[in-house]
Amino acid sequence: MILLIGNKLSNRGLNPTSIEKLEENLSSNYSIRSASDKQSSFIRIIEMLSLVFLYRKICKLIIVDVFGTKAFYFSCLVILLARVYKLPVLPVFRGGSLPERFNKCPTLFELIFQKNQLVICPSSYLSIFFENKGISTHIIPNYINIEKYPFQNRKDIAPNLFWVRSLHSIYNPEMAIKVLFELCKKYPHARLCLVGPHKDDSINKIDELIKNLKLNNQVIIPGKLEKKEWINLSKEYDLFLNTTNFDNHPVSLIEAMALGLPIVSTNAGGIPNMLVHNKTAKLVETNDVFSMVSQINEYLSNSKQRIKISINARKNVESNFDKSKVLQQWIKVLNENMKVDN
């Protein structure tokens, strides 16, 4: 049996997490138990620890998602308990802010993530950082089922902007509103769609900003949509914005590449390790509204370059981020790290 430990909050109105997708895709190969989907963080950590205790005698491996937020401490407690029962653990570094977390508490990292313990990283960004800190890593990228993402070659486009993330301050949705405002000076009919669940008070700040900039008729905020719904909605839009301040290896960018949406993204965290400026996307500095507007204008005026970037991006997903290829990497690593019966 394999235990998957992480936040499973899609049934609480949030986007599905990587561990939920991993559970779905590995269940045909392995016996899986997972936690936790409880809304209360206190109950969630209790359930995570209880799962380790209950299955301690038959568990072959524990996979633990590790983020740089307060959930980081949940991961540490799970790993420490697993160590008590001498159960093999495979941490997966997910959070783009983990380097900042390390710099704040390096001793805790040294205690929890021992040198002889393998850690999975979705990107070379985190892998390189933690290898330099003496933590052994192995890269397995995030993935999608590319068959569910029809490529659309957008030959003629307008400044119709699409944004998909949780509405949270770390993803900086306000920047997308400011970009739209600047674009409207040249393109009065420009529009923006912000898709995603509400996670903090960002929605209030967004609503106020839209009102102050008089963009009420040009911004749509449908909230959290099912995957099929927003993929279908994306057909009405021509450019994909990613305005995040912190990131690792966002699945939303893989999805945008697969759909043929030309991307303009900030270069936060691990994004430059998965996107190449003017080859598979356009990259700007975090919070640089005017550079993002400039790159959008370049897309609008240079159709040859834009189409080439979109095709390159789709090929990149097919080669590196398709589920059928990435899952084989997971299966190989799992089999190598599972506890062997004496």
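User: I would like to begin with a strand. Are the residues of strand β7 buried or exposed, and what does that say about its place in the structure?

Analyst: The general idea is that in a regular strand the side chains alternate between the two faces of the sheet. In this predicted model, five of the five residues of strand β7, residues 160-164, are buried, so the strand is largely enclosed by the rest of the structure. Asn 160, Phe 162 and Val 164 lie on one side and Leu 161 and Trp 163 on the other, and with all of these buried, both faces of β7 are covered.

User: Which strands pair with β7, and in what sense?

Analyst: Strand β8, residues 191-195, pairs with β7 in the parallel sense over five bridges, and strand β10, residues 239-242, also pairs with β7 in the parallel sense, over two bridges.

User: What unit do β7 and β8 make with a helix?

Analyst: Together with helix α7, which spans residues 173-184, the strands β7 and β8 make a β-α-β unit that is right-handed.

User: Next I would like to understand the nonpolar cores. How many residues does the largest one have, and which of them have the most contacts inside it?

Analyst: As a general idea, in soluble globular proteins, nonpolar side chains tend to be buried together. Here the largest nonpolar core has 33 residues, and those with the most contacts inside it are Ile 62, Phe 93, Phe 109, Phe 113 and Phe 130. Helix α3, residues 71-84, provides the largest share of this core, with six residues. There is also a second, separate core of 32 residues, which includes Ile 177, Val 179, Val 219 and Ile 296.

User: Which residues is Phe 109 in contact with, leaving aside its neighbours within four places in sequence?

Analyst: With those neighbours left aside, Phe 109 is in contact with Phe 72, Phe 93, Leu 98, Arg 101, Phe 102, Phe 130 and Ile 135.

User: How many salt bridges are there, and how should I read one?

Analyst: The general idea is that side chains of opposite charge can pair when their charged atoms come close. The count here comes to 11 salt bridges, taking a side-chain nitrogen of Lys or Arg within 4 Å of a carboxyl oxygen of Asp or Glu. One of them joins Glu 182 and Lys 185, with the closest N and O atoms 2.9 Å apart. Glu 182 counts as buried at 17% relative accessibility, whereas Lys 185 counts as exposed at 59%.

User: Which parts does the salt bridge between Glu 255 and Lys 227 tie together?

Analyst: The side chains of Glu 255 and Lys 227 meet at 2.5 Å, N to O. Glu 255 lies in helix α10, residues 251-259, and Lys 227 in helix α9, residues 227-234, so the pair ties together parts that are 28 residues apart in sequence. Glu 255 is buried, with a relative accessible area of 3%, while Lys 227 counts as partly exposed at 30% relative accessibility.

User: What can be said about the salt bridge between Lys 282 and Glu 298?

Analyst: In this salt bridge the N to O distance is 3.2 Å. Lys 282 belongs to strand β12, residues 282-284, and Glu 298 to helix α12, residues 289-301, so the pair ties together parts that are 16 residues apart in sequence. Lys 282 is buried, with a relative accessible area of 0%, and Glu 298 counts as partly exposed at 29% relative accessibility. Elsewhere, Asp 37, Lys 38 and Glu 47 are linked in a network of salt bridges.

User: Finally, where is there a cis peptide bond, and which residues other than glycine have a positive phi?

Analyst: In general, most residues other than glycine have a negative phi, and most peptide bonds are trans. In this model, a cis peptide bond joins Ala 35 and Ser 36, with omega about 15°, and Ser 36 lies in the loop between β2 and α2. Asn 172 has a positive phi of about 50°; it lies in the loop between β7 and α7 and counts as buried at 10% relative accessibility. Asn 278 has a positive phi near 65°; it lies in the loop between α11 and β12 and is partly exposed, with a relative accessible area of 36%.

How values were computed:
Residues are numbered from 1 along each chain as its sequence is written. This is a predicted model: local features need pLDDT of at least 70, side-chain atom pairs count only at pLDDT 80 or more; totals for chains, interfaces and linings use all residues. Side-chain values use heavy atoms; hydrogens and water are left out. Buried means under 20% relative accessible area, exposed over 50%, partly exposed in between (1.4 Å probe, protein chains only). Helices (H or I, at least four residues) and strands (E, at least two) are DSSP runs, numbered from the N terminus. Two strands pair if DSSP finds at least two bridges between them. A crossover is right-handed if, with the strands pointing away from the viewer, the path from the first strand over the helix to the second runs clockwise. A nonpolar core is a set of buried Ala, Val, Leu, Ile, Met, Phe, Trp, Tyr and Cys residues joined through side-chain atoms within 4.5 Å. Contact means heavy atoms within 4.5 Å.
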